[in-house]
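The findings follow in the order in which I looked them up.

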Amino acid sequence: MKYFVVLAEERSFTKAAEKLHVTQQTLSAHVAGLEKESGAKLFIRHVPLELTDAGRVFYRYARIIRRNEWRLKES
C-alpha cells in the first residue's frame, strides 16, 4: 500500500524508488502484484505516470488506510 501511494504521488518509478529506498525493480514487482491481485491496471505507464480510473479509486482507499495506520501508531 505504501509503495502504491508514494508512486501515485511521485508519478515516477525512479523518484518513488529513491524515496522508498528500494530498487525500481522491487517497486515495479510490488505494483505488478497489486495489479494482478486487483485484476486491474492501476497506472498508465508513460512519463509522467498517470493513474487509471481503477488506480484513482484504489488511491482514495489507500490514502484512507494509510491515514488510519498512522493514527493507530500515534495512539
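**Backbone and surface notes**

I began with His21, which sits in the loop between H2 and helix H3 (24-38). I noted that the model is a predicted one.

I looked up the backbone of His21 and found phi near 60°, a positive value in a residue other than glycine.

I then turned to Arg11, which is placed in the loop between H1 and helix H2 (13-20). Arg11 is not a glycine, yet its phi is positive, at about 60°. I recorded Arg11 as partly exposed because its relative accessible area is 41%. I made these two entries because most residues other than glycine have a negative phi.

Next I checked the peptide bonds. Which form does the bond from Val47 to Pro48 take, cis or trans? I found it to be cis, with omega near -5°. I located Pro48 in the loop between strand E1 (43-44) and strand E2 (50-51).

Last, I examined the surface. I found a nonpolar patch formed by Met1, Val57, Tyr61, Ile64 and Ile65. Together these residues have about 440 Å² of accessible area. One of them, Met1, belongs to the segment before helix H1 (2-10). The relative accessibility of Met1 is 37%, so I listed Met1 as partly exposed.

How values were computed:
Residues are numbered from 1 along each chain as its sequence is written. This is a predicted model: local features need pLDDT of at least 70, side-chain atom pairs count only at pLDDT 80 or more; totals for chains, interfaces and linings use all residues. Side-chain values use heavy atoms; hydrogens and water are left out. Patches are made of residues with over 30% relative accessible area and no salt bridge: like charges are joined within 9 Å, nonpolar side chains (Val, Leu, Ile, Met, Phe, Trp, Tyr) within 5 Å. Accessible areas come from the Shrake-Rupley method with a 1.4 Å probe; for residues, only the protein chains shown count as cover. A salt bridge is a side-chain nitrogen of Lys or Arg within 4 Å of a carboxyl oxygen of Asp or Glu. Helices (H or I, at least four residues) and strands (E, at least two) are DSSP runs, numbered from the N terminus. Buried means under 20% relative accessible area, exposed over 50%, partly exposed in between (1.4 Å probe, protein chains only).
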